[in-house]
Amino acid sequence: MKIFVGNVDGADTTPEELAALFAPYGTVMSCAVMKQFAFVHMRENAGALRAIEALHGHELRPGRALLVEMSRPRPLNTWKIFVGNVSAACTSQELRSLFERRGRVIECDVVKGMVPTGV
C-alpha cells in the first residue's frame with residue numbers, strides 16, 4: 001500500500017529515517033522523500049492502516065506534525081514519466097520547464113536518494 005506523508009522537510013529527512021519510523025507497523029518496501037512530502041510503500045495493508053492511524057500528527061521534527069494518509073490516485077488522463085540519469089544539480093523547476101515545452105505539467109519532482117528497503 002502506498003502512503004502519502006505530508007509536511008516533511010525533504011532537506012532534513014532521509015528515506016532511511018522514514019523507513020525506521022514506519023517499520024514497527026509492517027514491512028516497508030521503499031521510501032521516497034521529495035521537498036515537502038514523501039511516499040512510503042508498505043507490503044501489508046493492515047500494517048499500513050496501523051501506521052496511518054498511529055503516525056498522523058506525529059512530530060518528526062518539533063513543531064512539524066506529519067500528515068499521513070493513504071495515497072490518492074493520479075488524475076485521469078495523466079501519465080507519470082520516469083526520467084533517469086538526471087544530474088544531481090538539476091532542480092525540479094528546471095525539469096518542469098523542459099517538459100512544459102510539450103504540454104501541461106501537473107507535478108514534477110526530482111527524487112534523490114530513493115532507497116529500496118525490502119523485497
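This is a predicted model: local features need pLDDT of at least 70, side-chain atom pairs count only at pLDDT 80 or more; totals for chains, interfaces and linings use all residues.

Let me begin with the core. The largest nonpolar core comprises 20 residues. Ile3, Val5, Leu18, Phe22, Val40 and Val68 have the most contacts inside this core. Which elements give two or more residues to the core? They are strand E1, residues 2-6; helix H1, residues 15-22; strand E2, residues 28-33; strand E3, residues 37-42; and helix H2, residues 45-55.

If we set aside residues up to four places away in sequence, Phe22 touches Ile3, Val5, Val28, Val40, Met42, Ala51, Leu55 and Val68.

I turn now to the charged residues. Arg61 lies in strand E4, which spans residues 59-61. Is Arg61 buried or exposed? Its relative accessible area is 19%, and buried means under 20%, so Arg61 counts as buried.

Which residues does Arg61 contact, leaving aside neighbours within four places in sequence? They are Asp12, Thr13 and Glu17. With Asp12, Arg61 forms a salt bridge in which the closest N and O atoms are 2.7 Å apart. This pair links distant parts of the chain, since Asp12 sits in the loop between E1 and H1, 49 residues apart from Arg61 in strand E4. Asp12 itself is partly exposed, at 41% relative accessible area.

Arg61 also forms a salt bridge with Glu17, and here the closest N and O atoms are 2.8 Å apart. Because Arg61 lies in strand E4 and Glu17 in helix H1, the pair ties together parts that are 44 residues apart in sequence. Glu17 counts as partly exposed, with 26% relative accessibility.

Another salt bridge joins Glu69 to Arg72, with the closest N and O atoms 2.8 Å apart. Glu69 is partly exposed at 21% relative accessibility, whereas Arg72 is exposed at 62%.

Finally, the surface. Trp79, Ile81, Val83, Val86, Leu98 and Phe99 make a nonpolar surface patch of about 600 Å². One of these residues, Leu98, lies in helix H3, residues 92-100, and counts as partly exposed at 43% relative accessibility.

Thank you for your attention.

Note on methods:
Residues are numbered from 1 along each chain as its sequence is written. Side-chain values use heavy atoms; hydrogens and water are left out. A nonpolar core is a set of buried Ala, Val, Leu, Ile, Met, Phe, Trp, Tyr and Cys residues joined through side-chain atoms within 4.5 Å. Buried means under 20% relative accessible area, exposed over 50%, partly exposed in between (1.4 Å probe, protein chains only). Helices (H or I, at least four residues) and strands (E, at least two) are DSSP runs, numbered from the N terminus. Contact means heavy atoms within 4.5 Å. Patches are made of residues with over 30% relative accessible area and no salt bridge: like charges are joined within 9 Å, nonpolar side chains (Val, Leu, Ile, Met, Phe, Trp, Tyr) within 5 Å. Accessible areas come from the Shrake-Rupley method with a 1.4 Å probe; for residues, only the protein chains shown count as cover. A salt bridge is a side-chain nitrogen of Lys or Arg within 4 Å of a carboxyl oxygen of Asp or Glu.
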